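Welcome, and please take a moment to look over the protein and its ligand. The report below walks through the fold piece by piece.

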Amino acid sequence: MATTDAMQLPPKLKTHKQYTLVIPLDLQRDRVLLGYKLRGFGQGKYNGFGGKVEQGESIVAAAIRELHEESGLLVREPDMIQRGALLLETVADNSSPILEIHVFTVDKWEGTENATDEMHPTWFSLSESLTPTSATPAPIPTPNVISGSLPSSFLSTPPGTEAHDLPLALPLQPIPYHQMWEESRVWLPRLLQNLMPPDLVPQEQQEEQQQKKKRYFIHHVQFIGGVDRDVSSNGEYSVWHGMGERRLDWVDELPVGEWDSRRTFGRYP
Ligand SMILES: Nc1[nH]c(=O)nc2c1ncn2[C@H]1C[C@H](O)[C@@H](COP(=O)(O)OP(=O)(O)OP(=O)(O)O)O1
């Protein structure tokens, strides 16, 4: 389907499928935890921790459950901070639901990060990740090398030791945006910039940061081809590959629930 045709599709009602995505932040040590997905949806990518909201479950309860299942970290409900939502829509057909992904950050938890057979947690530098630059690719963990000779950022915490008690052997890498879902390169650096003291935000982004005093972001993206492929040239990523119309807004209230089956494309605040 040509791009221009996709843009001219009339508004349509679609069902929504709810997911969660949690990003643990260790502000004191300037680091952010992502997981490398070893199996299932998103296999081979780094991402926050999350999954489907089950029937009868609240969004925040699902976020806590998925974070615990995939990383071992346990967070109390009052410590969950919702930051925004992604609305991901394929225009390849009229029947696929819009993925409504609720994004949280946490900075307090119990337990230490553990690899599971689904996700391999890895710390990245927070302040080095405020813009999506082409970094050295992050190592790719596989289930059979998890306990092998991996870089120190992959080593699991010795039993009885809290992760924050350990010295950091190597400087942490920036987030490997090119090894994440494509649209993460847009919303995630902006979210992180919003959380940082202004003097750490790159000069060119400071004005934008000043304008974003709203509480939540909504990132609505249409995927035209549905293909997520990395395109890089001269160190620049083509962030829009596979994406169609997209919009990132900062809002004071997330219209949770109201979206479900009733929102038409392009009409949310
Ligand atoms: N384009 C995208 N951008 C993004 O940032 N996160 C995405 C994404 N598409 C999916 N995700 C996230 C949402 C959610 O956290 C995860 C997908 O969840 P899963 O399918 O793994 O759910 P479950 O863990 O419930 O599934 P099962 O493994 O079948 O139990 O990937």
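This is a predicted model: local features need pLDDT of at least 70, side-chain atom pairs count only at pLDDT 80 or more; totals for chains, interfaces and linings use all residues.

Two residues are in contact if their C-beta atoms, placed from the backbone, lie within 7 Å. Residues are numbered from 1 along each chain as its sequence is written.

**The overall plan**

The protein has four helices and 10 strands. Here helices (H or I, at least four residues) and strands (E, at least two) are DSSP runs, numbered from the N terminus. In order from the N terminus, the elements read α-β-β-β-α-β-β-β-α-α-β-β-β-β. Of the contacts in the protein with a separation of 6 or more, 74% are between residues 24 or more positions apart.

A residue is called buried if 20 or more other C-beta atoms lie within 10 Å of its own, exposed if 12 or fewer, and partly exposed in between, with C-beta atoms placed from the backbone. Of the 269 residues in the protein, 34% are buried.

Y36 sits in strand 2. Is Y36 buried or exposed? It counts as buried, because 25 C-beta neighbours lie inside 10 Å of Y36. Y36 and L170 are 134 residues apart along the chain, and their C-alpha atoms are separated by 19 Å.

D30 is found in the loop between strand 1 and strand 2 (31-37). D30 has 18 C-beta neighbours inside 10 Å, so it counts as partly exposed. Most residues other than glycine have a negative phi. D30 is not a glycine, yet its phi is positive, at about 55°.

**Two helices**

The expected span of a helix is 1.5 Å times one less than its number of residues.

| Helix | Residues | Length | Span between end C-alpha atoms | Expected span |
|---|---|---|---|---|
| Helix 3 | 184-195 | 12 residues | 16 Å | 16 Å |

In helix 2, the buried residues are I59, A62, A63, I64, E66, L67, E70 and S71. They pack against strand 1, strand 2, strand 5 and strand 6 (119-125). Just after helix 2 comes G72, with a positive phi of about 90°.

Helix 3 is mostly covered, with 10 of its 12 residues buried. Among them are W187, L188, P189 and R190.

**Strand 4 and its partners**

Which strands flank strand 4? Two strands pair if DSSP finds at least two bridges between them. Strand 4 and strand 5 run antiparallel and are joined by seven bridges; Q82 stands opposite F104 in strand 5. Seven bridges also join strand 4 to strand 7 (residues 216-223), and these two run parallel. There, T90 has F223 of strand 7 as its bridge partner. Strand 4 is mostly covered, as eight of its 10 residues are buried.

**Around the ligand**

A residue is near a molecule or strand if its C-beta atom, placed from the backbone, lies within 6 Å of it. Which residues come nearest to the ligand? Of the 18 residues around it, these are F41, G50, G51, K52 and W181. Strand 1 (16-26), strand 4 (81-90) and strand 5 (98-106) each supply at least two residues of this shell, and strand 1 gives the most, with three residues.

By class, the shell has eight nonpolar, seven polar and three charged residues. For this count, Ala, Val, Leu, Ile, Met, Phe, Trp, Tyr, Cys and Pro are nonpolar, Asp, Glu, Lys and Arg are charged, and the others, Gly among them, are polar.

**How confident is the model?**

The predictor's confidence in each residue is the pLDDT, from 0 to 100. The protein averages a pLDDT of 76, and 66% of the residues score at least 70. Over residues 226-240 the pLDDT stays under 50, and the model has 23 contacts beyond four places in sequence for them. The complex as a whole is given an ipTM of 0.95 and a pTM of 0.80 by the predictor.
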